[in-house]
Amino acid sequence: MPPAWARKIDFTPAGVAPLEAVRFDPAQMEQALLNLLKNAHESGSASVTLGAQRVAHLLRIEVSDRGSGMNDAVLTNALVPFYSTKRTGTGLGLALAREIAEAHGGRITLNNRDGGGLCVTLILPQLGDG
């Protein structure tokens, strides 16, 4: 059975998740993924995908949508705390996801997708029992 948060936010799994163990704080990672999935849905996208793959000794978790993407100014500031383009937004969702990734020794990237939309990638080190 999927975790409770996965039953609350619609997304399509992309690919097959790696079987290797990854060390992270489950509550923090759940919060980061909730923030990314919520933002993807608020982009106006009809579909949101969540995928994970192993790349060398890293885990790449990607949340992708087909919304309008972000212009250069927004891409530059999107990870800054309290920066928001939404009327009711706090500007904390992406900033918190960035803090969680960095606390795990990782990072977050934002990239517009060809054909429209955005791909947010969490890159986490220490894949396996490293």
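**Core, sheet and helices of a predicted model**

Colleague: Which residues have the most contacts inside the largest nonpolar core?

Modeller: This is a predicted model, in which local features need pLDDT of at least 70, side-chain atom pairs count only at pLDDT 80 or more, and totals for chains, interfaces and linings use all residues. Residues are numbered from 1 along each chain as its sequence is written, and side-chain values use heavy atoms, with hydrogens and water left out. A nonpolar core is a set of buried (under 20% relative accessible area, 1.4 Å probe, protein chains only) Ala, Val, Leu, Ile, Met, Phe, Trp, Tyr and Cys residues joined through side-chain atoms within 4.5 Å. The largest such core has 26 residues, and those with the most contacts inside it are Leu36 and Leu122.

Colleague: Which element gives the most to this core?

Modeller: Helices (H or I, at least four residues) and strands (E, at least two) are DSSP runs, numbered from the N terminus. At least two core residues come from each of α2, β2, β3, α4, β4 and β5. With 6 residues, the element that gives the most is α2.

Colleague: In β2, which residue is the bridge partner of Thr12?

Modeller: Strand β2 covers residues 48-55 and pairs with β1 in the parallel sense over 3 bridges. In β2, the partner of Thr12 is Thr49.

Colleague: Is Asp25 buried, partly exposed or exposed, and what is its relative accessible area?

Modeller: Asp25 is found in the loop between β1 and α2, and its side chain reaches the backbone nitrogen of Ala27 at 3.1 Å. Partly exposed lies between the buried limit and the exposed one (over 50%). Asp25 is partly exposed, with a relative accessible area of 34%.

Colleague: Where in the protein chain is confidence highest?

Modeller: The predictor's confidence in each residue, pLDDT, runs from 0 to 100. Confidence is lowest in helix α1 (residues 4-8), at a mean of 56, and, at 96, highest in β4.

Terms used:
Pairing = 2+ DSSP bridges. Polar contact = N/O pair within 3.5 Å; in protein donor to acceptor, adjacent residues only side chain to side chain.
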